Amino acid sequence: MAHDVLRSICVFCGSRPGADPAFTAAAAGFGRVIAERGITLVYGGARVGLMGSVADAALAAGGRVVGVIPRALVSKEVLHDGLSELFLTETMAQRKEQMMALSDAFVALPGGFGTYDELFEALTLAQIGIHDKPNGLLDVGGFFRPLLALLRHAVEHGFAGESDARLVVAEEAPERLLAALAERARRS
């Protein structure tokens, strides 16, 4: 079971819902599964987009949800007012640092530039040995296939090693992703 080693998971995802309703459904499903397993959801603190969907579903399933948001984004991202706990930061860098400190693993759902920024910071910190927490992608409908190909491309061209390519696991089903993350956490 994931909850024996994963007490909290940081989810990086879009503040927009995306073009495919499957993204919203997957975010809600992931939030529900996290809560059902007794895992705390740590995320960006908004009530809109996939961020709102994952938080709302976790809360509806009785889960603990911790939001971290810079003060400047409180009105822009429409702060979620029903969270279990909220941290306000001054900068985006502080937001990422706080989310990472609160989490045992990191998962990216579909999103845009902010999602990629957060994911790549987590991967980079793992690559250089700052943390050994597992990193995952909920690959909704193959959304992350181009990103996974880019990572493989970097390895093939000598900009990353084979071990770097294994820093992230991608799964389409929330249960399989949580199992893979828990297994990696046990090995670290």
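Read along the sequence, the protein chain of this predicted model follows the pattern β-α-β-α-β-β-α-β-α-β-α-α-β-α, with 7 helices and 7 strands in total; helices (H or I, at least four residues) and strands (E, at least two) are DSSP runs numbered from the N terminus. The radius of gyration, taken over C-alpha atoms, is 15 Å, close to the 16 Å that the globule rule (2.2 Å times the number of residues to the power 0.38) gives for 188 residues, so the protein chain is as compact as a globular protein of that length. Its C-alpha trace spans about 45 × 35 × 35 Å along the principal axes. Because the model is predicted, local features need pLDDT of at least 70 and side-chain atom pairs count only at pLDDT 80 or more, while totals for chains, interfaces and linings use all residues. Residues are numbered from 1 along each chain as its sequence is written, and side-chain values use heavy atoms, with hydrogens and water left out.

The 7 strands form an open sheet in the order 4-3-2-1-5-6-7 with parallel pairing, where two strands pair if DSSP finds at least two bridges between them. Strand 4 (85-89) and strand 7 (168-171) are the edge strands, each pairing on one side only, and the twist averages 25° from one strand to the next. Within this sheet, strand 1 (residues 8-12) pairs with strand 2 (residues 40-43) in the parallel sense over 3 bridges, and Cys10 stands opposite Val42 in strand 2.

Helix 3 packs on the sheet, touching strand 1, strand 2, strand 3 (65-70), strand 4 and strand 5 (105-108), contact meaning heavy atoms within 4.5 Å. The direction of helix 3 makes about 160° with that of strand 3; axes are lines fitted to C-alpha atoms, for helices over the stretch in contact, and angles run from 0 to 180 degrees between N-to-C directions.

Helix 3 (residues 92-101) also packs against helix 4 (residues 113-127), at an angle of about 60° and with the axes 11 Å apart. Arg95, Lys96, Met99 and Met100 in helix 3 meet Asp117, Glu118, Glu121, Ala122 and Leu125 in helix 4.

The axes of helix 1 (residues 21-36) and helix 2 (residues 49-60) come within 7 Å and cross at roughly 35°. Residues in this contact include Phe23 and Gly31 of helix 1 and Leu50 and Val54 of helix 2.
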